[in-house]
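This report is an introduction for a reader new to the structure. It begins with a single residue and then widens to the whole protein.

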Amino acid sequence: MDNRNPVTAENPAKGKPMTASDIAQMTDAEVLEALRSLLDKNMADFDATLDGLTKEEIAEMPEVAATRDIYCFLQYDYEPERHDAELLLRMDNPLQFNVENWPCYNLTELAMNALGEGPVKEAEEKTLPQTTLKLYSPLTAELFFKEDNEYGDTDEAFATLDGWDLVEYKDTVLQAIEDEILPEERERGLMHYFDGSKEVDEKVHSLFLSAEVIDHHLYGVAVCQVSGALTPEQLDELKETCIGQYADGWGEGVEQRPRQTSEGELYIHFWQGNNSFFLRTAQEMGLEQAPEKKPVQTVSHKKKTGKIRGDER
């Protein structure tokens with residue numbers, strides 16, 4: 001005697017969706033019969049929602065005709081593969097699922113996703129290593145101070161400082177950068193404003209600014225947390241994002257606010273609108289050994305368009 005007690009059209013699991021183990025015990029004919037029984041129930045439930053409406057009102061509802069057409073196709077013209085039939089049978093409402101995903105060219109994938117068993121994309125399944133990418137650029141500043149003149153009076157004066165001069169002001173520069181961080185930038189930094197390609201947005205998790213001393217010069221540094229490797233084109237896009245922020249967004253706000261020092265007021269520039277500006281990776285700076293010798297790549301100095309951080313202060 002067969003004690004499997006299969007869930008069939010005559011035994012629809014008391015209205016509950018069937019489990020994979022239930023269906024595995026059923027023959028192909030039983031699976032198809034149970035699926036068609038469930039589709040009948042779904043159609044009856046749908047019709048019940050129309051109770052109280054006039055024929056004219058129903059005629060003006062395009063979803064009614066669509067649902068009935070799809071029901072008729074599934075019930076009378078559709079011969080599903082066993083695997084697809086099993087997936088549909090495990091749903092509460094396979095009819096509504098088909099209506100929402102019609103014409104369901106990739107039914108297997110759609111159904112597995114709906115059941116929470118969809119194939120995970122390789123990029124999501126394998127966690128890519130996260131690395132730190134640094135982009136270096138020159139720093140300049142003006143220092144405004146007061147000095148005594150030959151007549152015993154005080155004059156206002158200023159000095160233009162380069163990276164060599166700014167080494168002694170490193171702490172001031174770092175504090176200025178910290179002071180500029182807005183609440184919405186705490187998680188991703190300036191990537192909060194990124195509106196470029198999806199690929200770069202997904203690979204570059206954050207972009208925060210800093211400053212480092214290299215060979216007795218203070219440099220601005222864009223510190224990026226990156227998943228995987230950027231293509232040359234994606235790296236160029238990231239560099240242009242930095243340039244846009246330095247020239248028109250974040251950098252424009254920074255250079256307009258003085259930083260108090262013991263010598264006077266310091267105005268810091270991450271952007272230099274001349275041929276002295278560059279933006280280089282650590283490898284291009286000669287800080288990492290390159291696999292082969294290549295000329296240093298620089299980026300155009302012209303201002304870039306696109307979404308940038310506004311000066312909210």
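N42 is buried, because its relative accessible area is 4%, below the 20% under which a residue counts as buried. The model in which this value was computed is a predicted one. N42 belongs to helix α2, which covers residues 28–48. Leaving aside neighbours within four places in sequence, N42 is in contact with D92, N93, P94 and L95.

Helix α2 also takes part in covering another helix, α5 (residues 82–89). Within α5, the residues D84, A85, L87, L88 and L89 are buried. Besides α2, their cover includes α1 (20–24), α6 (94–101) and α7 (107–114).

**The protein as a whole**

The protein has 13 helices and eight strands. Of its 313 residues, 37% are buried. The accessible surface comes to about 18,600 Å², and carbon and sulfur atoms account for 49% of that surface. Among contacts between residues at least 6 apart in sequence, 65% join residues at least 24 apart.

Strands of a sheet pair through backbone hydrogen bonds, in either a parallel or an antiparallel sense.

| Strand pair | Bridges | Sense |
|---|---|---|
| β4 (204–214) and β5 (217–227) | 10 bridges | antiparallel |
| β1 and β5 | nine bridges | antiparallel |
| β2 (140–148) and β3 | eight bridges | antiparallel |

S206 stands opposite Q225 in β5, T131 stands opposite V226 in β5, and F144 stands opposite F158 in β3.

The hairpin of β4 and β5 has two residues between the strands, and D215 there takes a positive phi near 50 degrees. The loop between β2 and β3 holds D153. D153 is partly exposed, with a relative accessible area of 44%. Not counting residues up to four places away in sequence, D153 touches E147 and D148.

**Helix α12 and the cores**

The 16 residues of α12 (residues 232–247) should span 22 Å at 1.5 Å a residue, and the end C-alpha atoms are 22 Å apart, which agrees.

Which residues of α12 are buried? They are Q234, L235, L238, K239, T241, C242, I243, G244, Q245, Y246 and A247. These buried residues pack against β1 (130–138), α11 (198–203), β4, β5, α13 (250–255) and β8 (280–281).

In soluble globular proteins, nonpolar side chains tend to be buried together. The largest nonpolar core in this model has 40 residues, and those with the most contacts inside it are L207, L209, L238 and Y246. The elements that give two or more residues to this core are β1, β2, α10, β4, β5, α12, α13 and β7 (265–269). Helix α12 supplies the largest share, six residues.

L207 touches R188, G189, L190, M191, A222, V223, C224, L238 and C242, not counting residues up to four places away in sequence. Among these contacts, L238 and C242 are also buried residues of α12.

There is a second, separate core of 27 residues, which includes M26, A34, L50 and A111.

Conventions
Residues are numbered from 1 along each chain as its sequence is written. This is a predicted model: local features need pLDDT of at least 70, side-chain atom pairs count only at pLDDT 80 or more; totals for chains, interfaces and linings use all residues. Side-chain values use heavy atoms; hydrogens and water are left out. Two strands pair if DSSP finds at least two bridges between them. Helices (H or I, at least four residues) and strands (E, at least two) are DSSP runs, numbered from the N terminus. The expected span of a helix is 1.5 Å times one less than its number of residues. Buried means under 20% relative accessible area, exposed over 50%, partly exposed in between (1.4 Å probe, protein chains only). Contact means heavy atoms within 4.5 Å. Accessible areas come from the Shrake-Rupley method with a 1.4 Å probe; for residues, only the protein chains shown count as cover. A nonpolar core is a set of buried Ala, Val, Leu, Ile, Met, Phe, Trp, Tyr and Cys residues joined through side-chain atoms within 4.5 Å.
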